[in-house]
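Please read the following account alongside the sequence and the coordinates.

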Amino acid sequence: MNRFLKDNKYAALGVTAFMVIVSGALAVFVIFNFGIVLTGFKKLLQILTPIIDGVALAYILTPLLNFVEREWVGRIYTHSKKEMTPKRKKSMRSWSILVTYMIFIGLIFLFFRLIIPQLIASIKSIIYQFPRLINNLEAFIAELFDDNPDIESTLNEFITDYSIQLNNIVQTKLIPQAEDLIKTFSLSVINVFKALFDLIIGVIISLYLMSTKELLAGQTKKILYAQYENKEANRIISGIRYSHSVFIGFLGGKLIDSVIIGILCFVIISLVGIPYAVLVSVIIGVTNIIPFFGPYIGAIPSILLVLMINPIKALYLLIIILVLQQLDGNVIGPKILGDSTGLSSFWVIFSITVFGGMFGLAGMILGVPTFAVIYALVKYKVNRKLKAKSMPQDTTSYINVGAVDKDGSFIDYVPVKGRNFLQIIGIDKRKNAKEEILPDDNDESEE
């Protein structure tokens with residue numbers, strides 16, 4: 001078929017025109033039926049949830065599997081000096097997967113065994129002491145505004161107004177909708193069981209993926225080399241490898257970084273005597289996984305929690321969190337992550353904002369490495385085109401460029417005196433200065 005299209009240019013043009021028409025019709029359908037398409041997409045994601053869970057588990061556990069197989073199980077098998085037959089390789093992989101999952105489940109059990117009881121105890125303590133904590137906070141506010149009765153009066157009015165509004169919401173909306181809330185809670189319970197069922201299926205899928213990961217990689221390469229020219233297939237495979245290194249490097253490094261920050265936070269606030277040390281440290285450590293905004297997201301509830309008990313220690317906690325984030329941003333983070341993404345601070349904030357708005361918490365965590373891959377792809381395409389034009393590829397060479405001459409040489413930008421904004425953008429055609437910002441293409445004197 002491909003050879004027929006190459007030999008018959010009219011047939012190739014016809015196929016191209018047909019594909020353009022189909023693509024246009026599909027685009028029009030999506031635009032005018034976006035709600036239906038979005039609903040169908042969400043339904044498809046729900047169906048694929050077990051597969052997505054399995055792929056995610058296999059992807060996360062593969063580095064650990066490789067280490068276990070190479071350093072532990074593999075050495076046991078090679079030490080026996082028996083021939084590594086396909087059957088022995090399969091047995092080695094099975095034992096490696098078993099050990100990998102035992103380590104993974106053991107870490108999860110250790111987390112629940114050590115951390116969860118402390119968290120439950122802290123939450124129970126907060127619930128039992130909540131009235132006293134509120135009284136402490138009210139006493140602190142009353143003492144703080146004792147010398148400022150006007151501010152105190154304004155604050156009391158503000159609280160009173162919002163208390164009335166909250167009471168109205170409870171009476172007019174929440175109580176009448178109690179039945180709907182019960183239905184929603186019931187659906188939530190069902191969704192939890194469904195999520196657990198999907199996770200179990202995902203674990204089974206991950207076992208198959210990890211046991212045949214080399215075969216799947218070989219099948220993917222086979223398809224790419226069959227579909228594309230060798231040079232283009234090599235580029236695609238190189239891009240996939242780069243994407244993998246960015247994701248694994250960033251996620252693994254960020255996880256280690258967050259564990260270190262959580263442990264440091266626990267040690268410091270325990271020495272200082274700040275209450276709920278385990279709960280606060282878990283909040284700080286977990287939210288630290290989110291780049292840039294994570295520390296602030298974790299700091300706000302932690303400080304408010306301590307503020308109700310001891311405002312002075314809440315101030316200490318704020319200082320400790322600021323010091324930890326500076327330490328993380330300037331010392332620990334760069335040492336662990338290095339320049340794994342290659343993104344500036346602006347693009348980090350941009351990627352978190354966009355992907356977080358689209359996909360929620362998962363988007364905030366995965367947005368940075370995803371955008372880093374997109375950024376690297378665009379950079380690669382741009383540099384290829386510049387190289388084809390024999391132009392420099394480093395960005396610093398273009399900072400002061402005002403124009404590029406016909407021979408490819410750069411002309412520095414020089415602000416022209418006497419030209420207003422309308423003249424510069426081409427609306428005002430009157431010229432009150434002899435200089436021109438760009439060379440005139442019709443000027444034959446240069447030739």
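**A helical chain and its packing**

Helices (H or I, at least four residues) and strands (E, at least two) are DSSP runs, numbered from the N terminus. The model is predicted, so that local features need pLDDT of at least 70 and side-chain atom pairs count only at pLDDT 80 or more, while totals for chains, interfaces and linings use all residues. Residues are numbered from 1 along each chain as its sequence is written, and side-chain values use heavy atoms, with hydrogens and water left out.

Helix 3 spans residues 34–79 and bends by about 55 degrees at L48. The bend at a residue is the angle between axes fitted to the seven residues ending there and the seven starting there. Just after helix 3, K81 takes a positive phi of about 60 degrees.

For the chain as a whole, there are 14 helices and two strands. Of its 447 residues, 23% are buried. Contact means heavy atoms within 4.5 Å. Among contacts between residues at least 6 apart in sequence, 59% join residues at least 24 apart.

Helix 8 (residues 213–227) packs with helix 9 at an angle of about 145 degrees, and their axes are 8 Å apart. Axes are lines fitted to C-alpha atoms, for helices over the stretch in contact, and angles run from 0 to 180 degrees between N-to-C directions. Helix 8 passes helix 9 in a right-handed crossing; a crossing is right-handed if the near helix is turned clockwise from the far one by less than a right angle, and left-handed if anticlockwise. K221, L224 and Y225 of helix 8 make this contact with N230, A233, N234, I236, I237, I240 and R241 of helix 9. By class, these residues are six nonpolar, two polar and two charged. Ala, Val, Leu, Ile, Met, Phe, Trp, Tyr, Cys and Pro count as nonpolar, Asp, Glu, Lys and Arg as charged, and the others, Gly among them, as polar.

Helix 9 (residues 230–272) also packs with helix 10 (residues 277–287), their axes coming within 8 Å and crossing at roughly 150 degrees. Helix 9 is therefore roughly antiparallel to helix 10; angles over 145 degrees count as roughly antiparallel, under 35 as roughly parallel, 65 to 115 as roughly perpendicular and the rest as oblique. The crossing of helix 9 with helix 10 is right-handed. On the helix 9 side, S258, I261, G262, C265, F266, I269 and S270 take part, and they meet A277, V278, V280, S281, I284 and G285 of helix 10. This contact has eight nonpolar, five polar and no charged residues. In the loop between the two helices lies Y276, a residue other than glycine whose phi is positive, near 55 degrees. Y276 is buried, with a relative accessible area of 12%.

The axes of helix 10 and helix 11 (residues 294–307) come within 7 Å and cross at roughly 165 degrees. Helix 10 is therefore roughly antiparallel to helix 11, and their crossing is right-handed. Helix 10 contributes L279, V280, I283, I284 and T287, and helix 11 contributes G294, P295, I297, G298, A299, P301, S302, L305 and V306. The contact comprises 10 nonpolar, four polar and no charged residues. F292 is found in the loop between helix 10 and helix 11; its phi is near 65 degrees, a positive value in a residue other than glycine. F292 is partly exposed, with a relative accessible area of 40%.

Single residues complete the picture. S258 of helix 9 is buried at 4% relative accessibility. Not counting residues up to four places away in sequence, S258 touches G285, N288 and I289. Q325, in helix 12 (residues 311–337), is buried with a relative accessible area of 17%. Leaving aside neighbours within four places in sequence, Q325 is in contact with I261, I284, N288 and P295. I126, in helix 5 (residues 116–144), is buried at 14% relative accessibility. The C-alpha atoms of I126 and M308 are separated by 9.9 Å, although these residues are 182 residues apart along the chain.

Key: Buried means under 20% relative accessible area, exposed over 50%, partly exposed in between (1.4 Å probe, protein chains only).
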